[in-house]
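Morning, everyone. Please look at the model on the screen, and then we will walk through it.

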2 protein chains.
Amino acid sequence: MPARNNVTAAVLIIGNEILSGRTQDVNLNWLAKELTELGIRLREARVVSDVEGEIVAAVNELRSRYDYVFTTGGIGPTHDDITSASIAKAFGLPWVRHPDAVKILEAQYEPGQLNEARLRMATMPEGAELVDNPVSGAPGYRIGNVFVLAGVPSIMRAMFDNARGRLRGGPPVLSQTVSTYLGEGTIAKPLGELQDRHPELDIGSYPFFRGGRFGTSLVIRGTDRTQIAAAAEALRETIRSLGDTPVEGEPAT
Amino acid sequence: MPARNNVTAAVLIIGNEILSGRTQDVNLNWLAKELTELGIRLREARVVSDVEGEIVAAVNELRSRYDYVFTTGGIGPTHDDITSASIAKAFGLPWVRHPDAVKILEAQYEPGQLNEARLRMATMPEGAELVDNPVSGAPGYRIGNVFVLAGVPSIMRAMFDNARGRLRGGPPVLSQTVSTYLGEGTIAKPLGELQDRHPELDIGSYPFFRGGRFGTSLVIRGTDRTQIAAAAEALRETIRSLGDTPVEGEPAT
């Protein structure tokens with residue numbers, strides 16, 4: 001993929017346990033930070049249940065719309081682990097044993113332990129390229145622009161670290177935060193005007209309550225350090241003109 | 001809405017801060033648990049950025065597909081708070097001042113403080129029905145089958161509590177967990193057979209690593225207590241037949 005300004009990605013979280021509330025997802029936040037550092041803009045995330053039709057539809061929609069798709073969850077050995085077969089179906093590819101993945105599992109299990117259920121973890125869309133799993137053995141994979149990763153956070157992170165070298169980002173997104181104890185509604189008008197003057201930047205406003213005080217954190221994001229610094233300085237001026245003292249970064253708790 | 005067996009919902013999380021990794025979402029998990037208790041099945045969740053076209057498209061897709069949609073985020077007073085206007089657009093409705101919402105804000109702010117930016121928080125699709133916000137004043141609302149809630153967790157929760165009486169669920173989903181120190185791959189085959197014998201139940205398998213040991217938590221979910229108990233007993237038998245002792249619930253850390 002050629003380097004360009006706006007490389008995009010989506011995350012697809014697959015698993016009934018997220019939608020039932022059993023499990024608090026932490027993979028999205030971790031992936032979001034990593035992708036941001038790589039200069040890849042995470043544009044959308046979805047959570048779907050372990051239902052083939054829903055996985056197929058989401059994968060096909062997201063892979064056509066974004067440069068990269070990262071799926072998490074549903075690649076274990078049990079009946080509810082249907083991600084891998086669903087991805088094959090989404091791509092219209094046969095779901096076949098990957099010889100190198102079989103070798104990894106053969107090296108890991110005692111003779112007789114590598115049963116049919118476990119061999120499903122070595123079954124992938126034809127042409128899949130393995131993503132190593134140093135934590136628990138059974139690998140993830142890449143097919144087309146889709147990276148198929150585990151749902152267990154420690155395994156997902158290790159797999160992503162192994163996939164990192166295959167990702168091409170754009171210029172990294174930088175951010176600077178200026179905080180104030182003014183309310184959002186007090187600063188809203190000049191803040192909107194500042195955003196209008198800097199269409200190349202993304203200025204977000206986030207209310208907080210910390211150390212017994214209400215305030216607003218203003219986050220300026222973009223790829224040009226000079227533009228960000230100029231907007232931050234304008235923001236400090238605005239805060240001072242409204243009678244408050246700007247705080248650099250997020251206020252201490 | 002008539003009571004029936006399968007009342008469904010989607011959650012739409014709106015905000016660049018989730019997709020940039022600045023903020024770890026905790027609203028989805030909380031809503032998932034609450035909806036499950038109400039007998040409403042959360043079938044899908046999405047995270048989109050503060051971009052009108054993306055919000056409109058997601059709202060329209062989700063509201064046509066599920067009985068309820070809950071949005072979180074983007075209803076404050078600043079330029080990046082575009083959820084409410086986008087919802088109006090999705091419904092093809094004018095975005096107008098809601099007189100009762102204006103009264104709430106008038107009662108809250110000192111004279112002169114209720115500026116145009118803050119009045120945006122009282123601007124809603126025509127016909128919106130308010131959802132009170134006891135935490136910070138500015139209300140959420142319901143329009144059609146869409147509940148528009150705040151992104152700040154404490155405010156979102158208070159709003160949901162106030163919306164709860166307007167929701168009609170199906171029979172509550174019950175769950176029972178049996179754990180084992182057998183690996184997923186060891187129990188996968190009989191587990192899949194058990195799922196096949198109980199198509200009315202949803203049996204999930206979740207590996208864990210706790211107290212220095214690997215194991216598997218098996219979660220049986222459904223609406224019929226007797227069926228769940230029968231499946232749990234079959235599961236205990238299976239675990240015993242494989243040489244392990246079943247543990248009720250999640251194992252202690």
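What rotation superposes chain B on chain A? A rotation of 180°, with 0.0 Å of shift along its axis and an RMSD of 0.0 Å. The two copies are therefore related as by a two-fold rotation axis. The superposition is by least squares on the C-alpha atoms of residues with pLDDT of at least 70 in both copies.

A word on the ground rules. This is a predicted model: local features need pLDDT of at least 70, side-chain atom pairs count only at pLDDT 80 or more, and totals for chains, interfaces and linings use all residues. Residues are numbered from 1 along each chain as its sequence is written, while chains are lettered from A and ligands numbered from 1 in the order in which they are written.

Which residue of chain B comes closest to the axis? Arg46(B), with its C-alpha at 2.2 Å. Both copies use the same surface: 98% of chain B's contact residues recur in chain A. Contact means C-beta atoms, placed from the backbone, within 7 Å.

Now the sheet in chain A. It is open, with 4 strands in the order β10-β11-β9-β12, paired antiparallel. Strands (E, at least two residues) and helices (H or I, at least four) are DSSP runs, numbered from the N terminus. Pairing takes at least two DSSP bridges. At the edges sit β10(A) (202-210) and β12(A) (247-248), each pairing on one side only.

Inside chain A, β9 (174-180) and β11 (213-222) pair over 7 bridges, antiparallel. There, Thr180(A) stands opposite Thr216(A) of β11(A).

Terms used:
Two residues are in contact if their C-beta atoms, placed from the backbone, lie within 7 Å.
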